[in-house]
Amino acid sequence: MGLTTAGLIFLILAWGSVSTLTVYCFIKVIKSEKK
Amino acid sequence: MSQNGEREQWGSKIGLILAVAGNAVGLGNFLRFPVQAAQNGGGAFMIPYFIFFLILGIPLMWIEWGIGRYGGRYNHGSAPGMFDVIWNNKLAKYFGTLGLFMSMCILIYYTYVESWTLGFSFFSITKLYFNETTAETMRSFLYSYQGRAIGDHFATMWPAYILMLITFTLNFWVLYKGISKGIEKLAKIALPLLLVFATVLAIRIMFLGTPDPSVPQNSVWNGFGFIWNPNFSLLSDPSIWLAAAGQIFFTLSVGMGTIHAYASYLKPKDDIALSGLTTASTNGFAEVVLGAAIAIPVGVAYFGLHATQEFARAGAYDLGFVSMSLIFQKIPLGQYLGFMWFLLLFFAGITSSVAMGQPVIAFLEDEFGMSRKKAVLSIALVVMIAVQFVVFFQRYGFMNEMDYWAGTFGLVVFALVETVLFMWVFGADKAWAEMNAGGDFQIPRIFFYIMKFVTPVVLFILMIWWTVQTAIPTFLLNGVDPANRPYYWGSRGLMAAIFIGLLFMVKKAWSNHKTEEDMKIEKD
């Protein structure tokens with residue numbers, strides 16, 4: 001079976017969006033705490 | 001309010017976010033999510049998952065943070081007082097009792113489940129189960145430890161009982177230390193460690209490739225394929241959408257009164273918009289990235305797709321304890337990886353269980369003026385008595401019954417009640433202003449309409465669906481061995497006693513408030 005191209009696209013999209021949102025939020029939190 | 005008239009505060013914003021994220025990140029992120037994804041369309045499951053993350057998860061987070069901070073302004077750290085200030089009606093506080101009941105009932109059995117993970121981390125590092133090389137003997141080891149079946153491994157339940165006592169003591173010690181010095185400190189240590197352990201495990205598993213080259217289909221990438229390869233044909237099945245809604249609901253630990261309690265210690269102008277979003281995304285990261293990269297891929301790599309599906313169907317405990325314990329015996333340095341796996345589950349558990357203790361402790365502090373010490377000791381006593389039933393009657397289904405009514409069905413009921421109260425009774429405009437006050441960013445306006453219309457409708461559909469699908473059959477004890485039925489009724493009796501006791505205490509607290517107010521008026 002393996003990881004198909006469609007599966008890989010879903011994995012990258014899911015991991016990418018969640019990771020980006022988390023990192024973005026934490027950067028904003030840290031910045032706001034330094035204010 | 002508490003005896004000295006002052007409520008505690010969080011030490012830092014990041015500490016609060018880690019505490020709420022710790023509350024949300026639990027066993028479900030690492031065990032329930034990959035199973036749900038795999039069984040409901042793989043990658044295609046992520047389409048409804050992200051849609052419900054946006055229309056159910058994040059809105060409920062903001063609603064609960066909003067209710068909590070608003071209640072805290074009036075010195076209420078639990079749902080009865082919070083509902084009382086958002087709905088000027090004598091019944092409001094009694095609806096809020098659900099927020100005490102749910103968290104307390106879950107705390108009672110969750111502490112015991114949590115202690116298994118502590119036990120298995122110890123058994124991993126000492127290689128105690130390393131001779132159990134088949135699923136049957138490993139399952140027998142687990143059941144023997146839990147006291148569910150007589151086995152050769154544990155002659156008595158004392159090891160499980162002692163570990164439960166240790167877990168119980170740790171939980172209440174953290175709660176006794178308070179918000180900043182206890183819960184926040186724990187979250188600052190446990191959540192980062194949990195994420196580090198999970199990252200190390202996920203990376204190690206990705207590099208396992210095909211452990212046995214003679215069976216090429218048993219590979220980590222086939223495991224990832226099992227979770228992520230999309231099956232779009234399943235998207236037309238409404239049960240897939242409801243499964244995604246249910247997963248979002250469980251994973252964020254909404255609907256149990258814990259987020260409200262934590263948010264009540266915020267100052268009126270502290271941010272909740274960014275904090276709520278950060279906790280939701282952190283939980284999503286732990287689930288979608290880390291949770292999906294461990295148990296299922298490694299299971300497929302070692303046992304193949306079919307056997308992993310069997311473990312998944314048998315439930316989260318089979319997947320987490322039986323399957324993973326077998327795998328750690330096959331991986332180099334498996335004892336250390338096993339230790340990390342079970343310890344990360346323990347950290348995920350304890351950061352959630354202390355959150356479950358907080359609402360009822362806050363209730364005693366804020367509504368009865370008890371000192372934290374007295375409040376913690378009172379709740380510890382009640383939980384200690386109740387947990388005995390869970391430990392000794394678990395094999396008869398006592399815990400499953402509590403988990404269904406308090407830990408599953410009750411959550412959606414409470415979430416629906418709070419959403420309707422906040423967005424419709426308190427008023428959507430006031431609620432919106434409250435959620436945005438002091439915010440580090442302005443919540444996009446579209447969420448106003450989502451919270452007012454979409455979220456309650458989705459919750460209502462979910463509640464009706466679950467009532468028909470599971471609540472009625474569960475209530476009728478369908479499929480339950482007649483010999484075990486008295487224990488199911490015993491479990492219901494315990495829950496009823498807790499609920500009635502809490503209702504009585506709410507009534508008593510408000511009667512005390514009224515007397516105090518009357519005396520104050522007379523004095524003036």
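This is a predicted model: local features need pLDDT of at least 70, side-chain atom pairs count only at pLDDT 80 or more; totals for chains, interfaces and linings use all residues.
Me: Why is Ser253(B) called buried?

Reply: Ser253(B) has 27 C-beta neighbours inside 10 Å. A residue is buried if 20 or more lie within that distance, so Ser253(B) counts as buried. You will find Ser253(B) in the loop between helix 10 (238–251) and helix 11 (258–263) of chain B.

Me: And what makes Lys127(B) partly exposed?

Reply: Lys127(B) has 13 C-beta neighbours inside 10 Å. Exposed needs 12 or fewer and buried needs 20 or more, so Lys127(B) counts as partly exposed. Lys127(B) sits in the loop between helix 5 (92–125) and helix 6 (135–146) of chain B.

Me: What is there to notice about phi in these two residues?

Reply: Phi is near 60 degrees in Lys127(B) and near 55 degrees in Ser253(B). Each is a positive value in a residue other than glycine. For background, most residues other than glycine have a negative phi.

Me: How do you know that the span of helix 1 of chain A agrees with its number of residues?

Reply: Helix 1 of chain A has 30 residues (residues 5–34), which at 1.5 Å a residue should span 44 Å. Its end C-alpha atoms are 43 Å apart, and therefore the two values agree. The buried residues of this helix include Phe10(A), Leu11(A) and Val18(A). Among the elements that cover the buried residues of helix 1 of chain A are helix 9 and helix 12 of chain B.

Me: Which element gives the largest share of the side of chain B that touches chain A?

Reply: Let's start with the whole contact: 25 residues of chain B are in contact with 20 residues of chain A. Helix 12 of chain B gives the largest share of chain B's side, nine residues. By class, that side of chain B divides into twelve nonpolar, ten polar and three charged residues.

Me: Why is helix 1 of chain B called oblique to helix 12 of chain B?

Reply: The axes of these two helices come within 9 Å and cross at roughly 45 degrees. Roughly parallel would need an angle under 35 degrees, and roughly perpendicular 65 to 115, so helix 1 of chain B is oblique to helix 12 of chain B. The crossing is right-handed.

Me: Which residues meet where helix 1 and helix 12 of chain B are in contact?

Reply: Helix 1 of chain B brings residues including Leu16(B), Ile17(B) and Val20(B), while those from helix 12 of chain B include Thr278(B) and Asn283(B). This contact has five nonpolar, five polar and one charged residues.

Terms used: Residues are numbered from 1 along each chain as its sequence is written. Chains are lettered from A and ligands numbered from 1 in the order in which they are written. Helices (H or I, at least four residues) and strands (E, at least two) are DSSP runs, numbered from the N terminus. Two residues are in contact if their C-beta atoms, placed from the backbone, lie within 7 Å. Ala, Val, Leu, Ile, Met, Phe, Trp, Tyr, Cys and Pro count as nonpolar, Asp, Glu, Lys and Arg as charged, and the others, Gly among them, as polar. The expected span of a helix is 1.5 Å times one less than its number of residues. Axes are lines fitted to C-alpha atoms, for helices over the stretch in contact, and angles run from 0 to 180 degrees between N-to-C directions. Angles under 35 degrees count as roughly parallel, over 145 as roughly antiparallel, 65 to 115 as roughly perpendicular and the rest as oblique. A crossing is left-handed if the near helix is turned anticlockwise from the far one by less than a right angle, and right-handed if clockwise.
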